[in-house]
Amino acid sequence: MFQPSNKNTLPIKSLPAQDPSAPMQVDKKETSIVMKDETQIGGFAQAESIIIYTKRLQDDLHVMGLKIKQHEENMKLLRSQKNKLQESILDLQVMLGKYHSSSTTPAAANDNHSQEETIEKILQCKKSAAGILWQLKARHGNQVADLPLTKDVVGIVAMLGNVDDDILSRVLSEYLGLDTMLAIVCKTYDGVKALELYDSEGCINLNSGLHGLGTSIGRKLEGRFLVICLENIRPYAGEFVQNDPQRRLDILKPRLPNGECPPGFLGYAVNMINVDSTNLFCLTASGHGLRETLFYSLFSRLQVYKTRPEMVLALPCITDGAISLDGGMMRRTGVFSLGNREDVDVKFPKLSVTSGLPESYLETQRQINEMKWRKEKMEEDLKREEALWDNAKFNFDRKKKEFIKFLADSSTYATQATQHQILEAQNRFTSS
C-alpha cells in the first residue's frame, strides 16, 4: 500500500493551551470609552424624560388655570345679573306699593273680611300645625319668610286659593276635609324636613321644628299634620287656557255617549279656585305655579255640577270624581260619599283680591314672580359655580405641589449626576 511520506508534510507548531477560567485581557482605554458612552446615553435619556414630564405638568397647570379663570368669570357674570334682577324687582315692588297707597277697592275690603274669617278659624285650631304657623305669622308678620323654619313655606292650603261663591267654598272644603285644608305647603323637601327633626333613635325632637315652636308659644302640637311638597308633585302636563290671567288648565269638557256636554256641568274644581297672582307663576324650580301643582294634585279632574241628579246623569263621563252644589259627592269612579254633609270650619275665602285689580297690576306682579324665580335659579347656578371653582382650585394647588416637588427632585438628580461626572473625570485623569 501507498504510505504517505513524512518528508512532504509541513511541521506544525503547537500553540500553548489557554485556561478558560483565566481572566480575559481587555484594553483599559477601550473599556473606559464604552462605559463613558453608556453613561452619556443613560444621562441623555433621563434628562429627556425630565423635560417631557416637566412640559406635561406645565400644560396641566395651564389648563387648570384656564378652568379656574372661566369659573371666576361665570361667577362674576351671575353676580352681576343677580344684582340687576334684584334692582328690577325692587323697582316693580315700589310701583305696586304706590298703587296700594293710592287705591282701595270695595272688592278688596270684602275679601279681607272673608280672609280674616278664615284666619280666625285657623287660629282656633290651637294645637294644629297650621294654627301654630299662623300664630307665628301674626306675631312676626313678613319677617316669617326669612326664618329658617318657615322660609320655604308657601302657606296653608285654605289660604292659597279663594272662590267666587260661598256654596262652592263649602262643598270644595268638605271634599278636601279639615286635615287637607290645614295642610302646610312647602316648595322643596328641605322645607318639609325643617318642620320636624328627629334624634338618633328616630324619635321626634320636641325641642325643634314646629314642635319646639308650639311649646315656646304655649301651643303644644298634637297628632299628625299634613305637609305638601310642591317639588315632589307631578304637575299637570297639558296646555293652559289662552289669554287667561288665571292660567286655568285647558281640560276638555266631559262628553256623554251622544257627544253632548252633560247638563248642569259647571266646570272642573281645579279651575274654579282663584289663585293669587303671586302664586300663578314660577313657584317651583321648574317654573310651575300652584294651579298645575297643588290644586291639580288635590282635585285632579274633579267635576262640579249644579244638582245631584245632574251629577248622576253624567256618570258615564266622570273619571276622577264629581260634586254637586246641593251636596252630592263621588270621590272617584264607583265610590260615593253618602249621609249628611259635614260643614268644615276652615273654608276657602270668598271673592278674590285680584278681582278688582287692573290688568297692568297683574302683569307687574307676574313679572316680579318671574324675576324672583330667575334670581333663585341664578343663586343655584352661582352655588354650583362656586363648588366647581373650589374643586378646580384644589386640583390646581395639588398639581402645583406635585410640580414643585418634581422640580426639586430633578434638581437633586442633576446635581448628583454632575458630581458623578466630575468624579469620573478625576478618576480618568489620575489613572492616565
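Select strands β1, β2 and β3, which form an open sheet of three strands in the order β1-β2-β3 with mixed pairing; strands here are DSSP runs (E, at least two residues), helices likewise (H or I, at least four), numbered from the N terminus. Two strands pair if DSSP finds at least two bridges between them. The model is predicted: local features need pLDDT of at least 70, side-chain atom pairs count only at pLDDT 80 or more, and totals for chains, interfaces and linings use all residues. Residues are numbered from 1 along each chain as its sequence is written, and side-chain values use heavy atoms, with hydrogens and water left out.

Colour β1 (153-156) and β3 next: they stand at the edges with a single partner strand each, so one side of each is left without a neighbour in the sheet. On average, neighbouring strands of this sheet are turned by 20° against each other, direction ignored; axes are lines fitted to C-alpha atoms, for helices over the stretch in contact, and angles between N-to-C directions run from 0 to 180 degrees. Strand β2 (residues 184-186) pairs with β3 in the parallel sense over three bridges. Display C186 here, whose bridge partner in β3 is C229.

Between β4 and strand β5 (residues 303-305) the pairing is antiparallel, over three bridges, and F265 stands opposite Y305 in β5.

Now show the aromatic side chains. Rings of Phe, Tyr and Trp (its six-membered ring) pair if their centres lie within 6.5 Å; planes under 30 degrees apart count as stacked, over 60 as edge-to-face and the rest as tilted. The count comes to seven aromatic pairs by this rule. One of them joins Y236 and Y296 edge-to-face, with 5.3 Å centre to centre and 65° between the planes. Y236 lies in the loop between β3 (227-229) and β4 (265-268), and Y296 in helix α9 (residues 291-299), so the pair ties together parts that are 60 residues apart in sequence. Both Y236 and Y296 are buried, where buried means under 20% relative accessible area, exposed over 50%, and partly exposed in between (1.4 Å probe, protein chains only).

A further edge-to-face pair is F265 with Y268, at 5.5 Å centre to centre and 75° between the planes; F265 and Y268 are buried. Then select Y175, F295, F299 and F348, which form one aromatic cluster. The charged end of R331 sits over the ring of Y175, 4.9 Å from its centre; this requires NZ of Lys or CZ of Arg within 6 Å of the ring centre and within 35 degrees of the ring normal. R247 places its charged end over the ring of F240, 4.1 Å from the ring centre.

Finally, select the cysteines. Zero disulfides are counted, a disulfide being a pair of cysteine sulfur atoms within 2.5 Å. For C261, the nearest cysteine sulfur is that of C317, 7.6 Å away. C261 counts as partly exposed at 28% relative accessibility, whereas C317 counts as buried at 10%.
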